[in-house]
Amino acid sequence: MNADSSRLSFAVKTNANPMPEAERQAAFGNLGFGTLFSDHMAVIRWHADKGWHGAEIVARGPFALDPASSVLHYAQEIFEGMKAYRTEDGRTVLFRPEENARRFNESARRMAMPELPEADFLAAVEELVRIDAKWIPQGEGSLYLRPFMFASETFLGVRPSREYIFCVIASPVGPYFKGGAKAVKIWVSQNYTRAALGGTGVAKCGGNYAASLVAQAEASAQGCDQVVFLDAAEHRWVEELGGMNIFFVMEDGSLLTPPLGGTILPGVTRKSLIALARDQGLTVREERYSFDQWKADVASGRLREAFACGTAAVVAGIGTVKFADGEFAIGDGATGPVTTRMREALVGIQRGQRPDPQGWVRAVTGA
Ligand code: COI
């Protein structure tokens, strides 16, 4: 299916019981991640005989699913993560949403699901952001958007479903990590791996996150915020965290991040930071980095900083690394200056506070 053709029109059924303004403002006072949701959702359905149809904006609410819906059995599901921001001059903007639309279809192909034309993906996101624009918090917060698609055919045979539901929900969010801007502590998983070559690591499918949960629970039990996975073949090369990519900052100021290579999620934040760093004249290498080298470089002082990045996490300094046989701090254990600069450069563009020479910011509503 061609990703650029067709443009659905959305029937809008406004929520008859929206959250009262005072209640929303009170909730905005204590934002975490993914617990509060806006009044509406965008829905589009797909059927093998009809293609994409039934696009609508409706009150956010539960789906009625048959217990034999194939997603409940074989996990045919993919998703995206993106954010809407309110700029200081009053515009509502998205950051590189075309990248999410494109990656969504890459995930769809890997999971034998129908591709949604990029124009329809973007229209669904923008319609929802427009109707729920008042759900974008002021200041540091943003409106996290979660487009997703799942197999909804009532059928227990193991083959691609003949029916799907695409949906976008919106959640006002504050910091992903409870400690806010404080450097995070990560746990190196030496027993569990996330993805093998030829598997689904490159796709943004729920199954990858399900497979990470036991390792993430181990990380939490060790007092860590996140887990970092090593490669599946040799258990040696650093790949990515449970829900974000990783960068290392060397003593010469250069950055290093593991290469995509088929097992790592191609993060939009990762890609944007590589471009921003190169624009600032920094050297960025996409090269394999072993856990042994990481330990040696921290001991010798060659490694100065490390950070995690993703849409939800933005850019989060890594202060401490814990593993079965020990623990080490990176630098003085606090977020380093290069990490802070990269975060500020990215956030500045996302929030319309800095020039956007690449045209990454897309306005949904004007000032
Ligand atoms: C994101 O950063 O948007 C993610 O999808 C990571 C996680 C919250 C699952």
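Modeller: A polar contact here is a pair of N or O atoms within 3.5 Å. The model is predicted.

Biologist: Which residue has a polar backbone atom 2.8 Å from an oxygen atom of the ligand?

Modeller: The cut-off for a polar contact is 3.5 Å. Thr-311 has a polar backbone atom 3.3 Å from an oxygen atom of the ligand. The residue with a polar backbone atom at 2.8 Å from a ligand oxygen is Ala-312.

Biologist: How much of the ligand does the protein bury?

Modeller: Taken alone, the ligand exposes 280 Å². The part of that area buried by the protein is 89%.

Biologist: Which residue brings a polar side-chain atom to 2.8 Å from an oxygen atom of the ligand?

Modeller: The residues around the ligand include Arg-146, Lys-204 and Tyr-209. By class, this shell has five nonpolar, three polar and two charged residues. The polar side-chain atom 2.8 Å from a ligand oxygen belongs to Lys-204.

Biologist: Why does the ligand lie between domain 1 and domain 2?

Modeller: The ligand sits in the second largest pocket. Domain 1 spans 11–173 and domain 2 spans 184–350. The ligand lies between them because residues of the shell around it come from both domain 1 and domain 2.

Biologist: How much space lies in the largest cavity?

Modeller: Searching the whole structure gives one cavity of 30 Å³ or more. The largest cavity has 13 lining residues, and among those nearest its centre are Tyr-85, Phe-95 and Thr-311. Thr-311 is also one of the residues around the ligand. The space in the largest cavity is about 110 Å³.

Technical notes: Residues are numbered from 1 along each chain as its sequence is written. This is a predicted model: local features need pLDDT of at least 70, side-chain atom pairs count only at pLDDT 80 or more; totals for chains, interfaces and linings use all residues. Side-chain values use heavy atoms; hydrogens and water are left out. A residue is near a molecule or strand if one of its heavy atoms lies within 4 Å of it. A polar contact is a pair of N or O atoms within 3.5 Å; within protein, one must be able to donate a hydrogen and the other to accept it, and residues adjacent in sequence count only if both atoms are side-chain atoms. Accessible areas come from the Shrake-Rupley method with a 1.4 Å probe; for residues, only the protein chains shown count as cover. On a 1 Å grid over the protein atoms alone, a cavity is a set of points where a 1.4 Å probe fits but cannot get out, and a pocket is an open set with protein on both sides within 12 Å along at least five of seven lines; lining residues have an atom within 4 Å of a point. A molecule sits in a cavity or pocket if more than half of its atoms lie within 2 Å of its grid points. Ala, Val, Leu, Ile, Met, Phe, Trp, Tyr, Cys and Pro count as nonpolar, Asp, Glu, Lys and Arg as charged, and the others, Gly among them, as polar. Domain bounds come from an automatic or database domain assignment. Grid points are joined across faces, edges and corners, and a volume is the space filled by probe spheres set on the points.
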